[in-house]
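Hi,

Here is the structure I promised to pass on to you. Have a look at it first, and then read my notes below.

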Amino acid sequence: METIETPVSVPRARIVMQATDLNDQAGMERAFRDYFRQVAQATPRALNAMLEAELVRCDFSEQSVVLGVEIQPWMTNPGGILHGGVTASLLDLAMGVLSRYVSGGVMTPTIDLNIKYLRSATAPCRLCVSGRITKRGRTFVHAESALWRPGQEDRLLATAEGIYCVQS
């Protein structure tokens, strides 16, 4: 019996950051809230939407962001521990959305991601993930990220460094 593969069409969402939101603290907050709302509406079954991250705080002058997420059972491995792939996705999300913001709202796909897994977490629980820009150029944005339980910033679950390519 011959199997014929049919290509699957994945809808591409047009997620827009307004130019007026790229210049100050209030705009940054608005841009991140709008981004997560647009992702949830445009691609509800995509991973970033399913993570249901929300803005906790951001800092325009420090080029940083903190997101909150509720860890759900679907995010765990068979041992009930937060899946390493979900951990990586959360770290990448914080850095990626921030690199997109500091690049004027254009796409900035991940081209390098290095993760250090330090501790585990089990569902259900709330976690925070931060992103901070470490270097920004015309072509690449370098960032770092950390994941922790609220109130336990000194006991990180994972850290990451990423490089993002600015699409023109």
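Let's start with Lys135, which sits in strand β4. (Helices, H or I with at least four residues, and strands, E with at least two, are DSSP runs numbered from the N terminus.) Before you go on, two things to keep in mind: this is a predicted model, where local features need pLDDT of at least 70 and side-chain atom pairs count only at pLDDT 80 or more, while totals for chains, interfaces and linings use all residues. Residues are numbered from 1 along each chain as its sequence is written, and side-chain values use heavy atoms, with hydrogens and water left out.

Back to Lys135: is this residue buried or exposed? Lys135 is exposed, because its relative accessible area is 54%. The scale works like this: buried means under 20% relative accessible area, exposed means over 50%, and partly exposed is in between (1.4 Å probe, protein chains only). Not counting residues up to four places away in sequence, Lys135 touches Phe140, Val141 and His142; contact here means heavy atoms within 4.5 Å. Ser89 is 46 residues from Lys135 in sequence, and their C-alpha atoms are 21 Å apart in space.

Now compare Ser99, in helix α3 (residues 84-102). Ser99 has a relative accessible area of 0%, so it counts as buried. Which residues does Ser99 contact, leaving aside its neighbours within four places in sequence? They are Thr108, Ile133, Val141 and Tyr164.

Next, the salt bridges. There are five in the structure, a salt bridge being a side-chain nitrogen of Lys or Arg within 4 Å of a carboxyl oxygen of Asp or Glu. Here are some of them:

- Asp21 and Arg30 meet through their side chains at 2.7 Å, N to O. Asp21 is buried because its relative accessible area is 3%, whereas Arg30 counts as partly exposed because its value is 41%.
- Arg37 and Asp34 form a salt bridge at 3.5 Å, N to O. Both lie in helix α1 (residues 25-42), three residues apart, which is about one turn of the helix. Arg37 is partly exposed at 41% relative accessible area, and Asp34 is partly exposed at 22%.
- Arg126 pairs with Glu70, with the closest N and O atoms 3.3 Å apart. This pair links distant parts of the chain: Arg126 is in strand β4 (residues 125-136) and Glu70 is in strand β2 (residues 64-71), 56 residues apart. Arg126 is partly exposed at 26% relative accessibility, and so is Glu70, with a relative accessible area of 38%.

Glu70 and Arg126 also belong to a network of salt bridges with Glu54. You will meet Glu54 again in the strands: its bridge partner in β2 is Gly68. Strand β1 (residues 54-59) and β2 pair in the antiparallel sense over five bridges; two strands pair if DSSP finds at least two bridges between them. Their hairpin has four residues between the strands, and Gln63 takes a positive phi near 50° there.

Last stop: Trp74, in the loop between β2 and α3. Trp74 counts as partly exposed because its relative accessibility is 41%. Together with Leu47 and Met50, Trp74 forms a nonpolar patch on the surface, with about 270 Å² of accessible area in total. (Patches are made of residues with over 30% relative accessible area and no salt bridge, with like charges joined within 9 Å and nonpolar side chains, meaning Val, Leu, Ile, Met, Phe, Trp and Tyr, within 5 Å. Accessible areas come from the Shrake-Rupley method with a 1.4 Å probe, and for residues only the protein chains shown count as cover.)

Cheers
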